[in-house]
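Here are a few notes to go with the model as you open it.

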Amino acid sequence: MTPNLVYIVVIGVLFAAGVSMVLERSLTRVLMGMILLGNGVNLLILLGGEAGTPPIVGLGPDEEMADPLPQIMILTAIVITLGMTAFLLALAYRSWAMSGHDEVQDDVEDRRIMQLAERDQGSGTDDTDHTDAPPPADAPPPTDAPPPADREAAR
Amino acid sequence: MLAVLVLHTAAALLAPVLVRALGNRALYVLALVPAATFGWTLFQEAPLAEIYPWVPHLGMEMALRMGTLAWLMLLIVSGIGAVVLAYCARYFDEGDPALGRFAGIFLGFATAMTGLVVSDDLLLLYVFWELTTVFSYLLIGHKGEQAAGRRAAMQALVVTTAGGLAMLVGFVMLGHGAGTYRWSEIVAGPLPEGSAVAAVLILAGALSKSAIFPFSFWLPAAMAAPTPASAYLHAASMVKAGVFLLGLMGPMLAQAAPWRPVAVVAGVVTLLLGGWAAMRQHDLKLLLAYGTVSQLGLLTVAFGAATRTAALAGAALLLSHALFKAALFLVVGIIDRQAGTRDLRELSGLGRTAPVLAGIAGLAVASMAGVPPLAGFVGKESLFAAFEHGGTADRFVLLALVAGSALTVAYGLRFLWGAFARKPGHRSMELPRPGWAFLAPAGLLSVAGLAAGIGASWLDGVLTPYADLFSGPTGDHLALWHGLGLPLLLSVVVFAIGGVVFAGQLQGRPWPRQRLPQAESVYKRLMNAVDRAAVELTGATQRGSLPFSLGVILVVLVILGGSTLLFGGAPWPTGLRLWDTPLQLVAGAVVVGAALVAARSRRRLTAMILVGICGYGVAVLFVLHGAPDLALTQFLVETVTIVMFVLVLRRLPVRFSARPLRFTRVVRTVIAVATGVVAAGMAYVAVGGRIATPISVDFAEPAVSFGGGHNIVNVALVDIRAWDTMGEISVLVVAATGVASLIFRRSEALQRRRKEQGGQATPGGAWLRAGDNPEARRQSIILQVVARLLFHTIVLFSVYLLFSGHNAPGGGFAGGLVAGLALTTRYLAGGRRELNAAAPVDAGLLLGAGLLIAVGTGAAAMVAGGQVLQSALVDLTLPLLGHIHFATSAFFDIGVYLIVVALVLEILRSLGAELDRQHDVAAREERRALERQKEPV
């Protein structure tokens, strides 16, 4: 098989555009990025099989038929994407209704552990030692703190 | 023996139910199970063997074997188990909610312990070994709300499991060397290679289980368990598992060099340290716990020495220790319950108020101290005799044994004095008289110790077959009277020293503090280090930011994927063609343009429409590639997606919020471009990577002959890869349910939804349901009429797609999506009332029905004698319709169709109708608030 330039370019662009959207914080934008990425991946899978006539027996000679296997896999992927899109959209709406925006926030528990690591403390869950002071009450950071990447950028 | 195990397991499972039904009396019923085991065992002739296949391809089997030692252990485990269970009926308060759980775990432990002693297969033994650890963990942590209990449970678990793992490695080495895991076969052969290492590893397991130095620290902490559990597990049975293993493997592994010295030295140290620590305790239960540690050391010396006489003495001591120590624990339990304290500084004068209890305890302590004619005396005499004639090393051991025994006498006296004596300066305590049913178990065990002592010659008869497994002089026997000799003299010395030591302590000499050089600090430091390392690792890798985590993953993809492409040695294709048809260029250009603009767009709707255009463009590419099914589905999915987005985006702000900072934008772009380049490279190489003949070249013929359809893609979906589709529709069901639960926030909303749907089905309503509703004013009447007229035609077309899909593009997915779009049209034209009129059913009902049909089709094939989801071809001739040829997989496709329709319906109901309603409610409230503000003016 000889590679087809149009496909290769389309796949590259879909991946790049999808990734750049996925790396954002707005959930609807992340979702759109996922859809673009999904299209790119589907095309990549499709390239694994020969192009040809539709895989319907009797339409043409069997030898000229396109490879049906990648198509079967992609069909499943397309429909699952629909289900996922619906779910994430509902999630985005819910997030907007509850907090006024649809941004993915930093995980509070992860932040707490990072702070413990900075203070060289254990989690206190090993139950062996009472002497460790419990983490101060103000340990969880305020949720509207800027993400670390942005904080670095601000500096 | 298998029957015993099954019976125990059943009892363990039934215990919670039984306790709930009968209350504390249930424990008497449950005690019948170990009691029956005891009775059965008593009349068995060792050895007894049973073998059942278990995991044949791993070479594992349920090989059960009961030698003499196992017979003795089984008697101890079942007998004391029954007695302690009967005791529990009085120990626990009537109606204690935790009793059912306790009884279940207790019997579960009894099962594991029984299995452990009768296992012949080493791997099976290991399984039971770890099961006892787990049950012990649960019993120690019985009061899970107390930190001390949790900590003690965790400590016991970690220490014994670590030892157990070492032991497993030892087992594997032994089994591998000998070529079999059945112990009875290993022991019959020569010593396998590498036995020295295996012996040390197995010792680690055995010593940690039996709380031998340096692992002793977990046992006193384990006293956090309820006292009956301590009596059973941490005195009579579980801690004996390690000693039992020493006794079982001693005949063979003592030939390995490290076995004897390691076991004997560890045992001697434990004997002395445990006895020493016991003298310092004020809590009676802790005193007994350290005494147990000390006695386990004694047993380890006996079995570790691995001579005939020592083994005989060890077996007798095993029995006597189980009897007196369990009895003493039960006595402490009674004191604790009746007096409310176990502190010997507070107890006073109990001997006068509870003479029977004092008698029981006295008998047990006498056995522990080795007073004739009790069982303890018989065992200890023999043990002294075992080391009587040896070399210098044996002399030292004998000296240590005498010292340890003297300490035993001293702390035994201390126990009796502490529990029962009248102390100066304290008033005698009035003890509520314990009932007979509470006293009897302890009394039974104490008296059994006396009986075993008097019946020493019988004991000698039954235990000699075990001792004969060891080498050594054969003349020694268990007996009450050996004649005047060194052992008897030593016994007298022991009593004398013990008495003097106790008297000295009573005079008020403070007992010297001895810091037990234990592995406990190592354990603590280790656990702390694990915790710290986990925090550091988690803190370093889990930064909590989704873009950061995704970025890391993508960078790894770029680096790994990119370097594999460049240096992985994959063959690069030689040629490159621009396109197959120029149409591809057109579609590709549209996709590329739309994607690039979408990525830069800051407005939600614009971005969405561009993403949709991308999807349509990809669909065109599918057509050009020769994939009409894909193209059809992609077109439909893309349309539904756009509708969904529009429904939600009308409520969200127009622009994306929080424009990221410049720096992160640059980083993002770099990652995005790099990923794109790597993906394009993969696409380029992948084409050349297809070397083997595709598996799908053989799909065409069976698709027609077995699947009964000409459209290979559809036949594959419903037949060849039907399991895959089954998983997929399950995901759709979950997604639809998830959408509904995210949008309908309260259960009242769900109920209202159900009512609305039901109410719309009444006949005689207006043709257009939006009708005279205020919301209808916003809607075009012409659009409504057109949607209403087209609706049935579209639905009919969707059904056509569903059934023609087997031979032409279409199928359940495409058909379901088309029907969903028909519903969407009705909703968009006339709002939620039109939607409910068009589909007066609950989406959940449709989802369930679809899944039922799909699963039912698969199951029906199985009932008919085929494989799950296998399809059959049916030819029918019906009136009017004529000849019909179809595959049963069509029913499966109908299930898929229903689920897809339901998914779209659920999306419309949730993201459409419910959002409308929430918006209306909010708007109405806002209006009201405005009016209220105006009024006072």
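1. Start with helix α17(B), where the buried residues are Ala375(B), Gly376(B), Phe377(B), Val378(B), Gly379(B), Lys380(B), Glu381(B), Ser382(B), Leu383(B), Phe384(B), Ala385(B) and Ala386(B). That makes 12 of its 12 residues buried (under 20% relative accessible area, with a 1.4 Å probe and protein chains only). Helices here are DSSP runs of H or I, at least four residues, and strands are runs of E, at least two, numbered from the N terminus.

2. The length of α17(B) checks out: at 1.5 Å a residue its 12 residues should span 16 Å, and the end C-alpha atoms are 17 Å apart, which agrees. The expected span is 1.5 Å times one less than the number of residues.

3. A word on the ground rules. This is a predicted model, in which local features need pLDDT of at least 70 and side-chain atom pairs count only at pLDDT 80 or more, while totals for chains, interfaces and linings use all residues. Residues are numbered from 1 along each chain, chains are lettered from A and ligands numbered from 1 in the order written, and side-chain values use heavy atoms, without hydrogens and water.

4. Chain B averages a pLDDT (the predictor's confidence in each residue, from 0 to 100) of 86, with 95% of the residues at 70 or above.

5. Be careful with residues 759-764 of chain B, where pLDDT stays under 50. Where pLDDT is low, the coordinates should not be read in detail.

Conventions: Buried < 20%, exposed > 50% of the residue type's maximum accessible area, 1.4 Å probe, protein only. Contact = heavy atoms within 4.5 Å.
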